[in-house]
Amino acid sequence: MKMLKIKVVQPPYFAGEEPDEKIAGFLLEELEKTEENSLVLLPEYSNAGGISDAEAELRALPRAKLMLERASSVAKEKRAWVAVNVLEEREGKIKNSTYLFDKTGDAVFVYDKIHLPPSEVALGVERGDGVCVCEAGGIRFGFLTCYDVYFNEQIEYLAMNKPDIILLPGYQRGESSDILRAQTKLIAFRCNCFVAKASYSMASEEKGGCSMIVSPEGKILCDMGAKIGSACAEVEPKHKYMRPAGFGGGLIRNDDFINNGLCPGAFSER
């Protein structure tokens, strides 16, 4: 398979009036810079970033349509993959949705966030049904959104379904940078795939930010820290980390090395 350039976009966490409009505008400008035959990932809440009160978030829901329409157009114009997360109303329900547009501009998959923090529960967001893997264009994509990263149940499910690239739009404004890096590296290592994470700069090297791309070996290929803008890495999507099957053993996929030793029955009754 050909090499693929992945780009993650990290906007500033605007303060002051109408931060959601400023963030959406920033992301739309970055979308216009999409390169041909690449993959670009925007952070969580592309239409409603920077706000935290329920009334403002509900007012931002209609902007999801604008973000999705432009993402589809850019994907088609540039013959690129575009992944964009929105807080939206769909079929009469509020959803936290990540859309993946293929090189024709079609939405080939929509992932609805499964694990919802208290703020989204209070807003009335409906969680997804658990489907978080799709195959398109010869690439197997997995999906996590922000709070999902804390739950090994979903990470283990993804590992069993052998993705090539996990797309992770995030927010995590108050999480420490060390934890963000550790989480992303461990997900890539456990699932034996590339992980692309896009989040928000909090203007701090200690908290938030850390949009990055990590290899199946758990190696950070690019890490934005608190920087604003975008970062890229060129990868071979089907690359896997091969390791010895124990000391002196033959090579085996890292995820299979772990899968082969699982003992779920040992803990089921404890």
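User: Which elements cover the buried residues of α1?

Analyst: Please keep in mind that this is a predicted model. What covers the buried residues of α1 includes the strands β1 (4-10), β2 (38-41), β3 (81-90) and β12 (229-235), together with the helices α2 (54-60) and α3 (63-78). The buried residues themselves are P19, D20, I23, A24, F26, L27, L28, E30 and L31.

User: What span should helix α1 have, and how far apart are its end C-alpha atoms?

Analyst: Helix α1 runs over residues 19-31, and because each residue counts for 1.5 Å, its 13 residues should span 18 Å, which agrees with the 18 Å between its end C-alpha atoms.

User: Which residues touch the most other members of the largest nonpolar core?

Analyst: The general idea is that nonpolar side chains tend to be buried together in soluble globular proteins. Here the largest nonpolar core has 45 residues, and F141 and L167 are the ones that touch the most other members. If we leave aside the neighbours of F141 within four places in sequence, F141 is in contact with L39, W81, L100, C132, V133, C134, A136, P163, I165 and L167. Apart from that core lies another one, of 34 residues, which includes L27, Y45, I51 and V74.

User: How many residues line the largest pocket, and which of them lie nearest its centre?

Analyst: In general, empty space can be found by rolling a probe the size of a water molecule over the atoms. The largest pocket in this model has a volume of about 320 Å³, and it is lined by 21 residues, of which P117, S119, C146, Y171 and R173 lie nearest its centre. The elements giving two or more residues to this lining are α2 and α4 (118-123), and the largest share, four residues, comes from α4. By type, the lining divides into ten nonpolar, four polar and seven charged residues.

User: Where is E91 found, and what is its phi?

Analyst: As a general rule, most residues other than glycine have a negative phi. E91, which is not a glycine, has a positive phi near 55 degrees, and it is found in the loop between β3 and β4 (93-101). Its relative accessibility is 77%, over the 50% cut-off, so E91 counts as exposed.

User: Is A203 buried or exposed?

Analyst: A203 counts as exposed because its relative accessibility is 71%. A203 lies in the loop between β9 (194-198) and β10 (212-214), and its phi is positive, at about 60 degrees, although A203 is not a glycine.

Definitions and conventions: Residues are numbered from 1 along each chain as its sequence is written. This is a predicted model: local features need pLDDT of at least 70, side-chain atom pairs count only at pLDDT 80 or more; totals for chains, interfaces and linings use all residues. Side-chain values use heavy atoms; hydrogens and water are left out. The expected span of a helix is 1.5 Å times one less than its number of residues. Buried means under 20% relative accessible area, exposed over 50%, partly exposed in between (1.4 Å probe, protein chains only). Contact means heavy atoms within 4.5 Å. A nonpolar core is a set of buried Ala, Val, Leu, Ile, Met, Phe, Trp, Tyr and Cys residues joined through side-chain atoms within 4.5 Å. On a 1 Å grid over the protein atoms alone, a cavity is a set of points where a 1.4 Å probe fits but cannot get out, and a pocket is an open set with protein on both sides within 12 Å along at least five of seven lines; lining residues have an atom within 4 Å of a point. Grid points are joined across faces, edges and corners, and a volume is the space filled by probe spheres set on the points. Ala, Val, Leu, Ile, Met, Phe, Trp, Tyr, Cys and Pro count as nonpolar, Asp, Glu, Lys and Arg as charged, and the others, Gly among them, as polar.
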